[in-house]
Amino acid sequence: MKKIYLLFSLAFFILSCDNGKDKIILQSSVGKVNKVMVITKASDWAGDIGKEIRNSFGELMVGLPQPESLLSVSQVAPNGFGKMMKVARNIMIIGVSDEAQFYVKNNVYAQPQTIVYVYGKDREGVVKMFKKHEKEIIKTFLDSDASMLQNLFAKDKLDDTQFKTLQNLGISLTISNKFNLVDDTGDFLWLRQHLSSGIAKTGSNNILVYSVPLEDETQVADSIVSVRNKIGKKHIPGSDPKTMYMITEKAYTPFTFDAVIDGKKAYETRGKWEVKNDFMAGPFLNYTVVDKKNNRLIIFEGFTYAPSVNKRAFLFELEAIGKSMKIQ
């Protein structure tokens with residue numbers, strides 16, 4: 001028996017060491033995308049600290065037809081933060097401490113995992129510290145989730161070298177192999193993933209990739225809607241292609257933000273699409289990348305058709321794919 005125990009101990013030692021350094025093997029984290037577990041006292045959660053967190057994380061995501069928050073939150077008291085809770089992927093630990101601090105750690109109890117720590121010397125100090133870093137905190141969790149999805153998609157990556165358009169444009173994307181080809185002209189690519197929720201079919205996630213000439217860099221942001229409308233009319237037909245095709249919803253003005261894709265200046269546009277003379281509609285996400293080297297704009301667009309269900313998670317997957325773009 002002693003020999004068996006010695007063998008197991010030796011095996012564990014070998015697996016746990018790498019060139020003399022301890023190597024801890026972490027278990028896989030769990031948790032839904034865009035969800036954060038907040039570790040704080042129940043009294044703090046019911047007071048100003050919890051109110052500030054819920055208001056900040058509860059800000060509505062732009063461009064969705066139904067109101068959905070940027071991040072969903074749940075609260076766990078510190079004495080309930082046990083072994084099962086510690087494998088959550090996104091965690092924020094917040095409360096009163098001897099020292100006011102804000103910092104982030106990765107892969108503490110599980111992998112991948114992001115833990116944000118926010119401390120103040122009193123409750124007012126906690127709120128002040130959180131408000132000071134709230135944009136950074138939200139971005140930290142969203143970036144972490146996007147990276148997690150990209151790593152997940154990379155395991156079952158669609159071979160994008162098979163698509164003429166991506167080859168001609170000289171770009172690559174980390175796309176899940178759940179997407180299927182709709183159209184690939186060499187100048188325009190359309191991929192579609194059929195979605196389901198439980199036993200119900202909910203619609204589809206779609207990816208469009210194309211390029212247009214860079215004519216006036218100062219007018220790029222203002223031209224995004226007109227460009228996508230031209231592409232929709234040409235390539236995204238409805239049930240009657242002569243009278244029905246995708247357009248930007250007229251009743252909703254899209255929001256455009258500065259972005260960076262593969263180190264290049266880009267614009268992120270969020271809004272709603274609809275099919276002209278029909279009743280189909282949904283949200284879209286557009287990345288227009290300024291490729292000065294090749295005097296062009298590269299456009300990645302993701303749009304979702306999923307009537308009667310929440311769409312935040314679907315659109316976030318498209319966002320993660322768009323941000324994975326690499327340009328030669």
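User: Which residues does Met92 touch, leaving out those up to four places away in sequence?

Analyst: In this predicted model, Met92 touches Val36, Met37, Val38, Ile39, Ile53, Phe57, Val116, Val118, Phe130, Ile137 and Phe141, where residues up to four places away in sequence are not counted.

User: And which residues touch the most other members of the largest nonpolar core?

Analyst: Those are Phe57 and Met92, within a core that holds 54 residues, and the element that gives the most to this core is α4, with twelve residues. As a general point, nonpolar side chains in soluble globular proteins tend to be buried together.

User: What does the second core include?

Analyst: The second core is separate and has 20 residues, among them Ile224, Met244, Met246 and Trp273.

User: Back to α4 then. Where is Met129, and is Met129 buried or exposed?

Analyst: Met129 has its place in helix α4, and Met129 counts as buried because its relative accessible area is 14%, which is under the 20% cut-off. Leaving aside neighbours within four places in sequence, Met129 is in contact with Ala100, Gln101, Phe102, Val118 and Tyr119.

User: How many Å separate the C-alpha atoms of Met129 and Phe279?

Analyst: Their C-alpha atoms are separated by 46 Å, and the two residues are 150 residues apart along the chain.

User: Changing topic, how much space lies in the largest pocket?

Analyst: The largest pocket holds about 700 Å³ of space. Its lining is made up of 23 residues, and the closest of them to the pocket centre are Leu70, Ile138, Leu142, Glu268 and Arg270.

User: Which elements give two or more residues to that lining?

Analyst: Those elements are α4 (123–155), β15 (255–261), β16 (264–275) and α7 (312–322), and α4 gives the most to the lining of this pocket, with six residues.

User: How many of the lining residues are nonpolar, polar or charged?

Analyst: Sorted by class, the lining of the largest pocket has twelve nonpolar residues, ten charged residues and one polar residue.

User: Last one: where does Thr174 lie, and why does Thr174 count as buried?

Analyst: Thr174 lies in the loop between β10 (171–172) and β11 (180–184), and Thr174 counts as buried because its relative accessibility is 17%, under the 20% limit for that label.

User: What does Thr174 touch, not counting residues up to four places away in sequence?

Analyst: With those residues left out, Thr174 touches Gln150, Phe153, Ala154, Lys157, Ile321 and Ser324.

Note on methods
Residues numbered from 1 in each chain as written. Predicted model: local features only at pLDDT ≥ 70, side-chain atom pairs only at ≥ 80, totals over all residues. Heavy atoms only, no water. 1 Å grid on protein atoms, 1.4 Å probe; cavity = no way out; pocket = protein on both sides within 12 Å on 5 of 7 lines; lining within 4 Å. Points joined across faces, edges and corners; volume = space filled by probe spheres on them. Helix = DSSP H or I, 4+ residues; strand = E, 2+ residues; numbered from the N terminus. Nonpolar A, V, L, I, M, F, W, Y, C, P; charged D, E, K, R; others polar. Core = buried A, V, L, I, M, F, W, Y, C linked by side-chain atoms within 4.5 Å. Buried < 20%, exposed > 50% of the residue type's maximum accessible area, 1.4 Å probe, protein only. Contact = heavy atoms within 4.5 Å.
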